[in-house]
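Welcome, and thanks for taking a look at this protein with us. Please have the sequence and the model side by side as you read.

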Amino acid sequence: MRALIVSDIHGNLEALEAVLAAAGPCDQVWNLGDSVGYGASPNEVVQRICRLATAGVRGNHDKVCCGLADPLMFNPAAREAALWTRAQLTPASLRWLREQSVGPLPTASAVLTHGSPLHEDQYLLNTREAWLPLQQAQVPCTFFGHTHVQGGFTLQNGRASAIQPLHTRRTHHGSRWTLHIQARHRYLLNPGSVGQPRDGDPRAAYAILDDTAGTVTFYREPYDVDLAGGRILLAGLPERLAKRLHTGR
Ligand code: ZN
């Protein structure tokens, strides 16, 4: 079974289409949330992902954009984008976002969550924060998003360590890095952000779990950043949201 894992698409249709084309056919599609917010194509992204995703959880931006939460904790640019998105969303998009599962969500071969499996809004940024959820994990692999940083953490014999995919940083090409799942290890793995990477690599990020081969492959795929950024400016959204797509920060 091959599962395509996407997270933090953030209304970036150009990045999502590039990922779907590059990934090719998969048996399952898992969406780790924040499908909307920041980007200029929220309805188009929802219409695409709602048909494809076989399992998914909601993100903090999804909650705010569909009116389930207030943007009080958001910075000004995120708040402005969330309120803009809320005004753009069609009734069908709003309904789909409101019905998204609260993580953690078990599938047959992994657990899915937006932030930490201990709380959907909690960031997992380092081994200290990852240790407890790894220690409590009931399954080998948990997939998370929220940080927009591809990679994750592993626990062996009570010790947590970070996993950083090694990519060639040729920004006009795609690249991949494969992790072999080891027996008796626990993993918290982040496919990275499709629509707004923050790990210094502007290429769209995603991952594919192959549970027959026992591998998780992390991918980066170039997409038309100028077009996605141009749409953000055209929509009148904060300029910073367009600029950061070019730097991957
Ligand atoms: Zn996000």
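What follows is a short tour of a metal site, some charged pairs and a surface patch. Please keep in mind that this is a predicted model.

Let's begin with the metal. Which residues coordinate the zinc ion? The donors are Asp8 (OD), His10 (NE2), Asp34 (OD) and His148 (NE2), at 2.1 to 2.4 Å. Along the sequence, these donor residues follow the spacing D-x1-H-x23-D-x113-H. Asp34 sits in the loop between β2 (28–31) and α2 (42–52), while His148 sits in the loop between β6 (141–143) and β7 (151–156), so this pair ties together parts that are 114 residues apart in sequence. Asp34 and His148 are both buried. As for geometry, the angles among the four donor atoms run from 86 to 177°, and the site of the zinc ion is irregular.

Now to the charged pairs. Side chains of opposite charge can pair when their charged atoms come close. In this model the count comes to nine salt bridges. The table shows three of them.

| Salt bridge | N to O distance |
|---|---|
| Arg231 and Glu14 | 2.6 Å |
| Asp199 and Arg220 | 2.9 Å |
| Glu239 and Lys243 | 3.9 Å |

The side chains of Arg231 and Glu14 meet in a salt bridge. Arg231 belongs to helix α7 (residues 225–234) and Glu14 to helix α1 (residues 13–23), so the pair ties together parts that are 217 residues apart in sequence. Arg231 is partly exposed at 35% relative accessibility, whereas Glu14 is buried at 13%.

Asp199 and Arg220 form another salt bridge. Here Asp199 lies in the loop between β10 (186–190) and β11 (204–210), and Arg220 in strand β12 (residues 215–221), so the pair links parts that are 21 residues apart in sequence.

Lys243 is exposed, at 53% relative accessibility.

Finally, the surface. Leu118, Trp131 and Leu132 make a nonpolar surface patch of about 260 Å². Of these, Leu132 is found in helix α6 (residues 127–136) and is partly exposed, with a relative accessible area of 38%.

How values were computed. Residues numbered from 1 in each chain as written. Predicted model: local features only at pLDDT ≥ 70, side-chain atom pairs only at ≥ 80, totals over all residues. Heavy atoms only, no water. Patch = residues over 30% accessible without salt bridge, like charges linked within 9 Å, V, L, I, M, F, W, Y side chains within 5 Å. Areas by Shrake-Rupley, 256 points an atom, 1.4 Å probe, with all protein chains shown as cover. Salt bridge = Lys/Arg side-chain N within 4 Å of Asp/Glu carboxyl O. Helix = DSSP H or I, 4+ residues; strand = E, 2+ residues; numbered from the N terminus. Buried < 20%, exposed > 50% of the residue type's maximum accessible area, 1.4 Å probe, protein only. Donors = N, O, S within 2.8 Å, 3.2 Å for Na, K, Ca; no water. Tetrahedral: all angles 85-135°; square planar, octahedral: opposite > 155°, others 65-115°.
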